[in-house]
Amino acid sequence: MGYFRFAVPIWLALGAPVPALAAVDMDRFHACIDAQVEGNRPAADCVQQEHRACGDFPLETAPQAAMLCYREAQEAWTGAISARLETMKDRPEPKIAEVAGIEVKYDVLRNLLQCDRMEDLARLAGQEATAMDLQKARCAATAFGLAYARLVLSAQARP
């Protein structure tokens with residue numbers, strides 16, 4: 001992953017405008033989730049909104065920067081999941097955090113299985129390696145983001 005760190009500085013040196021790397025904004029994400037629930041709209045849109053900056057990198061010239069962006073987003077979602085599960089341990093119901101941890105684990109695994117399916121289909125279609133790597137990074141970030149969204153929504157549903 002070390003060579004990804006050079007993508008943005010090189011891009012800067014070439015004078016290209018640089019989109020902000022994926023700074024998943026949890027306050028904005030939670031506000032989006034609340035609005036989506038209120039409007040009876042899909043929470044997945046909020047995950048995609050948080051990944052929008054990653055899609056701003058021109059894929060023809062900076063695919064590594066886009067991949068790094070998605071990987072950083074995935075790390076943000078992973079940290080948010082861990083933090084949310086940790087706070088759930090303080091609830092009066094002792095097994096809520098354990099059940100939530102199991103649910104998140106299998107949500108992520110189910111989502112990543114879809115990523116594997118997409119990768120196999122892309123390989124069968126003869127998609128180039130860089131495009132497949134980018135697709136895989138985007139899909140993995142989305143997998144963790146969707147698992148976090150489901151965790152947030154399930155916590156809101158409990159009294």
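A: A crossing of two helices is right-handed if the near helix is turned clockwise from the far one by less than a right angle, and left-handed if anticlockwise. The model here is predicted.

Q: Which hand does the crossing of α5 and α6 have?

A: Helices α5 and α6 cross in the right-handed sense.

Q: At what angle do the axes of α5 and α6 cross?

A: Angles over 145 degrees count as roughly antiparallel. The axes of α5 (residues 63–88) and α6 (residues 96–124) cross at roughly 155° and come within 8 Å. That is why α5 is roughly antiparallel to α6.

Q: Which residues of α5 and α6 meet?

A: From α5 come I81, L85 and M88, which meet I96, A97, A100, G101 and V104 of α6. By type, the residues of this contact are seven nonpolar, one polar and no charged.

Q: Where do nonpolar side chains tend to be in soluble globular proteins?

A: They tend to be buried together. In this model, the largest nonpolar core has 35 residues, and F29, I33, W77, I81, M88, Y148 and L151 have the most contacts inside it. Two or more residues come from each of α2 (26–38), α3 (44–50), α5, α6 and α7 (129–157). The most come from α5, which gives eleven.

Q: Leaving aside neighbours within four places in sequence, what is I81 in contact with?

A: Beyond those neighbours, I81 is in contact with V104, F144, A147, Y148 and L151.

Q: How is the accessibility of G55 classed?

A: Partly exposed lies between the buried limit of 20% and the exposed limit of 50%. G55, in helix α4 (residues 52–55), counts as partly exposed because its relative accessibility is 46%.

Conventions. Residues numbered from 1 in each chain as written. Predicted model: local features only at pLDDT ≥ 70, side-chain atom pairs only at ≥ 80, totals over all residues. Heavy atoms only, no water. Axes fitted to C-alpha atoms, helices over the stretch in contact; angles between N-to-C directions. Helix = DSSP H or I, 4+ residues; strand = E, 2+ residues; numbered from the N terminus. Parallel < 35°, antiparallel > 145°, perpendicular 65-115°, else oblique. Contact = heavy atoms within 4.5 Å. Nonpolar A, V, L, I, M, F, W, Y, C, P; charged D, E, K, R; others polar. Core = buried A, V, L, I, M, F, W, Y, C linked by side-chain atoms within 4.5 Å. Buried < 20%, exposed > 50% of the residue type's maximum accessible area, 1.4 Å probe, protein only.
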